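The points below may be read alongside the sequence and the model.

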Amino acid sequence: MTLQEKLRRLTETANLAAVAWKAGMSPQNLSNYLVRGSSPLAGTAVKLARALGVDVGWLLSDEMGWP
(Lines give C-alpha, C1' and ligand atoms only; values in the text may rest on other atoms or scores of the structure.)
Protein backbone atom coordinates (compact mmCIF):
# COMPACT_ATOMS: atom_id res chain seq x y z
CA MET A 1 0.00 0.00 0.00
CA THR A 2 1.47 3.35 -1.02
CA LEU A 3 1.74 6.51 1.03
CA GLN A 4 -0.96 8.09 -1.14
CA GLU A 5 -3.35 5.19 -0.53
CA LYS A 6 -2.73 5.26 3.21
CA LEU A 7 -3.27 9.03 3.39
CA ARG A 8 -6.51 8.73 1.43
CA ARG A 9 -7.87 6.07 3.78
CA LEU A 10 -6.74 7.94 6.88
CA THR A 11 -8.38 11.17 5.76
CA GLU A 12 -11.52 9.92 4.00
CA THR A 13 -13.78 11.03 6.85
CA ALA A 14 -11.57 13.81 8.20
CA ASN A 15 -11.67 17.54 7.75
CA LEU A 16 -8.65 18.00 5.46
CA ALA A 17 -8.08 21.60 6.50
CA ALA A 18 -7.96 20.54 10.16
CA VAL A 19 -5.52 17.70 9.43
CA ALA A 20 -3.31 20.04 7.41
CA TRP A 21 -3.35 22.66 10.17
CA LYS A 22 -2.48 20.04 12.79
CA ALA A 23 0.45 18.89 10.61
CA GLY A 24 1.62 22.48 10.12
CA MET A 25 0.98 22.70 6.39
CA SER A 26 -1.49 24.25 4.01
CA PRO A 27 -4.52 22.27 2.82
CA GLN A 28 -3.10 22.60 -0.71
CA ASN A 29 0.07 20.77 0.33
CA LEU A 30 -1.96 17.97 1.87
CA SER A 31 -4.04 17.83 -1.29
CA ASN A 32 -0.87 17.38 -3.34
CA TYR A 33 -0.02 14.27 -1.34
CA LEU A 34 -3.55 12.92 -1.70
CA VAL A 35 -4.20 13.71 -5.36
CA ARG A 36 -0.83 13.84 -7.06
CA GLY A 37 0.93 11.28 -4.92
CA SER A 38 3.74 13.68 -4.09
CA SER A 39 6.18 12.46 -1.45
CA PRO A 40 6.73 14.65 1.62
CA LEU A 41 10.12 15.49 3.06
CA ALA A 42 11.06 13.50 6.17
CA GLY A 43 10.12 16.25 8.61
CA THR A 44 6.75 16.73 6.94
CA ALA A 45 6.10 12.99 6.98
CA VAL A 46 6.72 12.94 10.74
CA LYS A 47 4.27 15.82 11.22
CA LEU A 48 1.65 14.10 9.06
CA ALA A 49 2.03 10.84 10.97
CA ARG A 50 1.62 12.65 14.29
CA ALA A 51 -1.42 14.57 13.04
CA LEU A 52 -3.01 11.31 11.89
CA GLY A 53 -2.00 9.29 14.95
CA VAL A 54 0.07 6.69 13.10
CA ASP A 55 3.70 5.55 13.10
CA VAL A 56 5.83 7.35 10.52
CA GLY A 57 7.61 4.10 9.59
CA TRP A 58 4.30 2.48 8.75
CA LEU A 59 3.11 5.54 6.84
CA LEU A 60 6.18 5.65 4.61
CA SER A 61 6.64 1.92 4.03
CA ASP A 62 5.10 0.59 0.83
CA GLU A 63 5.61 -2.93 2.18
CA MET A 64 3.27 -2.47 5.12
CA GLY A 65 -0.43 -2.72 4.35
CA TRP A 66 -3.39 -1.63 6.41
CA PRO A 67 -3.21 -3.02 9.96
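1. Axes here are lines fitted to C-alpha atoms, for helices over the stretch in contact, and angles run from 0 to 180 degrees between N-to-C directions. In this predicted model, the axes of α1 and α3 approach within 8 Å and cross at roughly 115°. The crossing of these two helices, α1 and α3, is left-handed. On the α1 side the contact is made by Q4, L7, R8 and T11, and on the α3 side by Y33, L34, V35 and R36. Four of the residues in this contact between α1 and α3 are nonpolar, two are polar and two are charged.

2. The largest nonpolar core has 15 residues, and those that touch the most other members are L7, A23, M25, L30, Y33, L48 and L59. Two or more residues each come from α1 (3–11), α2 (16–23), α3 (27–36), α4 (42–52) and α5 (56–60). The element that gives the most to this core is α4, with four residues.

3. Just after α4, G53 takes a positive phi of about 75°.

4. Which residues does L48 contact, leaving aside its neighbours within four places in sequence? They are L7, A23, M25, L30, Y33, P40 and L59. L48 is also among the core residues that touch the most other members.

5. In α3 the buried residues are L30, N32, Y33 and L34. The buried residues of α3 pack against α1, α2 and α4. Just after α3, G37 has a positive phi of about 75°.

6. P40 is located in the loop between α3 and α4. P40 counts as buried because its relative accessible area is 13%, where buried means under 20%. Not counting residues up to four places away in sequence, P40 touches L3, Y33, A45 and L48. The C-alpha atoms of P40 and L16 are separated by 16 Å, and these two residues are 24 residues apart along the chain.

7. Leaving out residues up to four places away in sequence, L3 touches S38, S39, P40, L59, L60 and D62.

8. Apart from neighbours within four places in sequence, T11 is in contact with L16, V19, L34 and L52. T11 is also one of the α1 residues that make the contact with α3.

Notes. Residues are numbered from 1 along each chain as its sequence is written. This is a predicted model: local features need pLDDT of at least 70, side-chain atom pairs count only at pLDDT 80 or more; totals for chains, interfaces and linings use all residues. Side-chain values use heavy atoms; hydrogens and water are left out. A nonpolar core is a set of buried Ala, Val, Leu, Ile, Met, Phe, Trp, Tyr and Cys residues joined through side-chain atoms within 4.5 Å. Buried means under 20% relative accessible area, exposed over 50%, partly exposed in between (1.4 Å probe, protein chains only). Contact means heavy atoms within 4.5 Å. A crossing is left-handed if the near helix is turned anticlockwise from the far one by less than a right angle, and right-handed if clockwise. Ala, Val, Leu, Ile, Met, Phe, Trp, Tyr, Cys and Pro count as nonpolar, Asp, Glu, Lys and Arg as charged, and the others, Gly among them, as polar.
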